[in-house]
There are 2 protein chains.
Amino acid sequence: MTDLNNDIFKTIDPDRRGTTSEEVISQLREMIHRGDLRPGDRLPPERDLAKLLGVSRPTLRAGIRSLAAVGVLQSRQGAGTFVVKADGPPSLDSSPLRLMASLHGFTSAEMFEARQALEMAVAGLAAERATGDQMASMAEEVTGMFASLNDPEQFLVHDVRFHQTVAAASGNRILTSLMNMVATILFDTRIKTVKRATDLKESAEMHRHVYRAIREHDPEAARHAMSAHLSKAQRAWEAEAQETSEAGGDDSNNSDGNGNGAGLAP
Amino acid sequence: MTDLNNDIFKTIDPDRRGTTSEEVISQLREMIHRGDLRPGDRLPPERDLAKLLGVSRPTLRAGIRSLAAVGVLQSRQGAGTFVVKADGPPSLDSSPLRLMASLHGFTSAEMFEARQALEMAVAGLAAERATGDQMASMAEEVTGMFASLNDPEQFLVHDVRFHQTVAAASGNRILTSLMNMVATILFDTRIKTVKRATDLKESAEMHRHVYRAIREHDPEAARHAMSAHLSKAQRAWEAEAQETSEAGGDDSNNSDGNGNGAGLAP
DNA sequence: AATCGTTAAATGGTTAGACCTTTAAGTACG
DNA sequence: CGTACTTAAAGGTCTAACCATTTAACGATT
């Protein structure tokens, strides 16, 4: 191969601090921090990159895998390894939080509470900053909810999209990411609840209240409306959960590589 | 070796969905979800576990590495691989968020805003639920701040501990984890700001206001006090940043394996 | 007998090379 | 011009070693 301008890949010195693979991770991280690697970029082939960094291929792969696990890199067999390209809103992998929830026995109440806190914050910010387009999207989703009162699955689609639109309107991608992270974990729960929900109409109404508060640029009202909506949703879920008694069991089995379970995108 | 009761490790069938290593990850995740693996547990040696799962050692290592990257497992050479034991509050690795921040160019303003939202939520909950012990700890840290007005570094230690105590008092470990995640990233920034802060006294006062609101079980006051405190801190940082003009440069080089930069524990 | 130093086994970390599977691009054929 | 086949490239997996570190057992010394 021709020797490219690969000065950006510095050979790893043996005077490293930790293990070799950790050093590889640091190298790649620094390249991302510095901007040498940008979203969508493709990394050199593993065999070449391993030589450039002065490590073996398995060691390089170990580093790549670590970064892939946190959602920064993505490898596709036959194609190459790429820096993750964020089409829509940046998304943090929710599986770490999911694992931690299992590990420490987080209660659903905590999850709901965290989601409520995040959604309230996001709604308040959205009320301050939402653009006309964003408000139009919200109105559209609310309309979609009212149009899907007899189709719970479709209703949930509009529900999710509404919340994501509000999050986007907040203008804070970090809060949006965190909210999605928590919401994704609760999604499995929600889909069960909404399936026999008899009061989709009330839910749609509450969403409309949120929308109206945002449209009126009233942060406090938006926060309260959102809070009321989620409190109601939580109560509905709790009633459902109690009804199903201890049947419960496996709420997981959502084991698709990364933890981005449901289609939360467009 | 004797064949233990290792029925919990099911051999991976070739009728797997994705790649082999992904299947290994799913296996381990399920074992954690099911509770077969608990915090502090040690996994079988790689060579044995690879045989039990019916995969090669590199493949098994790939799976382990993925879970280690998200903070669920921890390998120590010579000792073994363990399920992470949470001493204090469960902690999410902040490096994913840090990388995403670099990747998408998150502004510090967004970071501050996210932190403010989380801290406000946490303060409000703490006002509702803080126990006597927790309030005593808060008071202690506030006292420590007033006692360290001439020692910025020591002041920051009390500052961090105060916020963590409040988070713990919120009773919501998810919000606490998310807050720590964001706060960790901002820590490097904070240490620079506080070092020449001339108004540590004012900062201490504001912390005391937060404490008093929590002591009085006044969530709204606690939220406002916390908000005011963080707004002030952000303004101080912005002034500092503007003063330092474009000097900025590398705010990274925090490359210790995991991204838990500062000592936030004790 | 108790303690400390040495040694050996266990365990994760790394390397090497080969082969397989998938992807994507190039090329020939219709 | 477009489709289908071929082929090179790239990641995924495997085997088989060897290295580095940690732990624990063992024995010599006090």
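1. Let's start with how H5(B) and H7(B) sit together. In this predicted model, the axes of helix H5 (residues 108-129) and helix H7 (residues 152-170) of chain B come within 7 Å and cross at roughly 60 degrees. Axes here are lines fitted to C-alpha atoms, for helices over the stretch in contact, with angles from 0 to 180 degrees between N-to-C directions. H5(B) and H7(B) are therefore oblique to each other (under 35 degrees is roughly parallel, over 145 roughly antiparallel, 65 to 115 roughly perpendicular, the rest oblique). Helices are DSSP runs of H or I with at least four residues, and strands are E runs of at least two, numbered from the N terminus.

2. Who touches whom? The residues in contact (heavy atoms within 4.5 Å) include B:Val122 and B:Ala126 of H5(B) and B:Val166 and B:Ala167 of H7(B).

3. Now look at DNA strand D. It is surrounded by 25 residues, with A:Glu46 and B:Thr20 among the closest; "near" means a heavy atom within 4 Å.

4. A reading tip: residues are numbered from 1 along each chain as written, while chains are lettered from A and ligands numbered from 1 in written order. Local features need pLDDT of at least 70 and side-chain atom pairs 80 or more, whereas totals for chains, interfaces and linings use all residues, and side-chain values use heavy atoms, without hydrogens and water.
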